[in-house]
Amino acid sequence: MTEEHPLLSVEDLVVEYPTAHGPFRAVDQVGFQLRRGGSLAVVGESGCGKSTLARALVRLLKPLSGRIVLDGTDIAALPERRLRPLRRRVQMVFQDPYGSLDPHLTAQQIVAEPLRLAGVSDRTERARRAAELIDQVGLPSSALHRHPADFSGGQRQRIGIARALASRPDLLVCDEATSALDVSVQAQVLSLLRDLQAETGIAYLVIAHHLGVVREISTEVVVMRAGRTVETGRTADVLAAPADPYTRALRRAALDPTAMRGLKPRHVLEGSSS
Ligand SMILES: Nc1ncnc2c1ncn2[C@@H]1O[C@H](COP(=O)(O)OP(=O)(O)OP(=O)(O)O)[C@@H](O)[C@H]1O
Ligand SMILES: [Mg+2]
């Protein structure tokens, strides 16, 4: 069988933070693959290393070891100079959309900025493309000249998505702001991501706190605990018959209506027996 090589292949990835007590290993030997135009979710309790993994994938952090093969090129250890042309191709939507948007800029300026970096030198053209993207993520044209503080959490996340899409990436790493958004807003953002994928063929790596979200957005899932992968596979299989007790506990949490109020799995797990 001839298989096209995956868009992203992560192998034995290790990420450590320096601390006063020595290095802390936040991601430990994680590996998975994501095909072009595919979608993969990473789930696990608070503090298990999801955001660290995401930041390493977009090379905001440099891993200690392992490989991050993007379309055939290992970017895990590439120096910034050689990374620059690849940066456009992988974009990230941050967990805290407020903290990651410059409060002094308007939505239009925020979305136009990556276009400038991508070499769109004409200011009018940048403004036009930014307006188009803001429309594409379902915000009204009145949003263009407002600042991050004037938006709701869900709207801010849409601005983050519009900014991330500006450079037409092959892969969007989306660190879901689950706890900050209520369920209906979350559902709208997910449906937006699905529509965009159908239109553009972009691939997603979505970080989700909740298995319900995973079912909505991804065909593959990686379950993490304490920096390690405990289970990986097709979402339908993992949800139907989770092999790991931890995944089973997460699944119970997903079925529990209290989990829908933005509680993170950790809190739900503490309250669950067996
Ligand atoms: N800059 C840092 N220095 C030291 N330790 C860190 C740093 N950032 C994160 N950590 C630790 O690394 C671990 C993983 O953190 P990370 O933010 O990746 O978790 P997460 O899975 O994204 O959690 P959440 O679901 O709450 O967003 C945690 O134990 C955290 O305390
Ligand atoms: Mg996080």
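Predicted model: local features only at pLDDT ≥ 70, side-chain atom pairs only at ≥ 80, totals over all residues.
Glu 45 counts as buried, at 17% relative accessibility, where buried means under 20% relative accessible area, exposed means over 50%, and partly exposed lies in between, with a 1.4 Å probe and protein chains only. Its partner is Arg 225, and the two form a salt bridge in which the closest N and O atoms are 3.8 Å apart; by salt bridge I mean a side-chain nitrogen of Lys or Arg within 4 Å of a carboxyl oxygen of Asp or Glu. Arg 225, at 40% relative accessibility, counts as partly exposed. This pair links distant parts of the chain, since Arg 225 sits in strand E9 (residues 220-225) and Glu 45 in the loop between strand E3 (39-43) and helix H1 (50-57), 180 residues apart. Helices (H or I, at least four residues) and strands (E, at least two) are DSSP runs, numbered from the N terminus.

Residues are numbered from 1 along each chain as its sequence is written, chains are lettered from A and ligands numbered from 1 in the order in which they are written, and side-chain values use heavy atoms, with hydrogens and water left out.

Now the overall picture. The protein has 10 helices and 10 strands, and of its 274 residues, 50% count as buried. Taking contact to mean heavy atoms within 4.5 Å, and looking at contacts between residues at least 6 apart in sequence, 65% join residues at least 24 apart. The protein exposes about 13200 Å², of which carbon and sulfur atoms supply 50%; accessible areas come from the Shrake-Rupley method with a 1.4 Å probe, and for residues only the protein chains shown count as cover.

Let me return to the charged pairs. Side chains of opposite charge can pair when their charged atoms come close. A search of the whole structure finds 14 salt bridges. One of them joins the side chains of Asp 28 and Arg 228, at 3.1 Å from N to O, and this pair, too, links distant parts of the chain, with Asp 28 in strand E2 (residues 22-34) and Arg 228 in strand E10 (residues 228-234), 200 residues apart. Asp 28 is buried, with a relative accessible area of 13%, whereas Arg 228 is partly exposed, with a relative accessible area of 45%.

A local case is found in helix H4 (residues 123-136), which holds both Arg 128 and Glu 125, 3 residues apart, or about one turn of the helix. These two residues form a salt bridge with their closest N and O atoms 3.1 Å apart; Arg 128 counts as partly exposed at 42% relative accessibility, and Glu 125 is partly exposed as well, with a relative accessible area of 24%. Elsewhere, salt bridges that share partners join Glu 16, Arg 25, Asp 28 and Arg 228 into one network.

Which residues are closest to ligand 1? Ser 46, Gly 47, Lys 50, Ser 51 and Thr 52 are the closest of the 14 residues that surround ligand 1, a residue being near if one of its heavy atoms lies within 4 Å. A backbone N or O atom of Gly 49 lies 3.0 Å from an oxygen atom of the ligand. The side chain of Lys 50 places an N or O atom 2.8 Å from an oxygen atom of ligand 1, and for the side chain of Ser 51 the corresponding distance to a ligand oxygen is also 2.8 Å. Taken alone, ligand 1 exposes 640 Å², and the protein buries 66% of that. The elements that give two or more residues to the shell are E2 and H1, and H1 gives the most, with 3 residues.

Finally, two individual positions. His 5 lies in the segment before strand E1 (8-19) and counts as partly exposed at 44% relative accessibility. Leaving aside residues up to four places away in sequence, His 5 touches Arg 36, Asp 71 and Gly 72, and its C-alpha atom is separated by 7.6 Å from that of Gly 72, 67 residues apart along the chain. Gln 197, in helix H6 (residues 183-200), counts as buried at 16% relative accessibility. With residues up to four places away again not counted, Gln 197 touches Gly 37, Gly 38, Ser 39, Ile 202, Ala 203 and Tyr 204.

Note on methods:
Polar contact = N/O pair within 3.5 Å; in protein donor to acceptor, adjacent residues only side chain to side chain.
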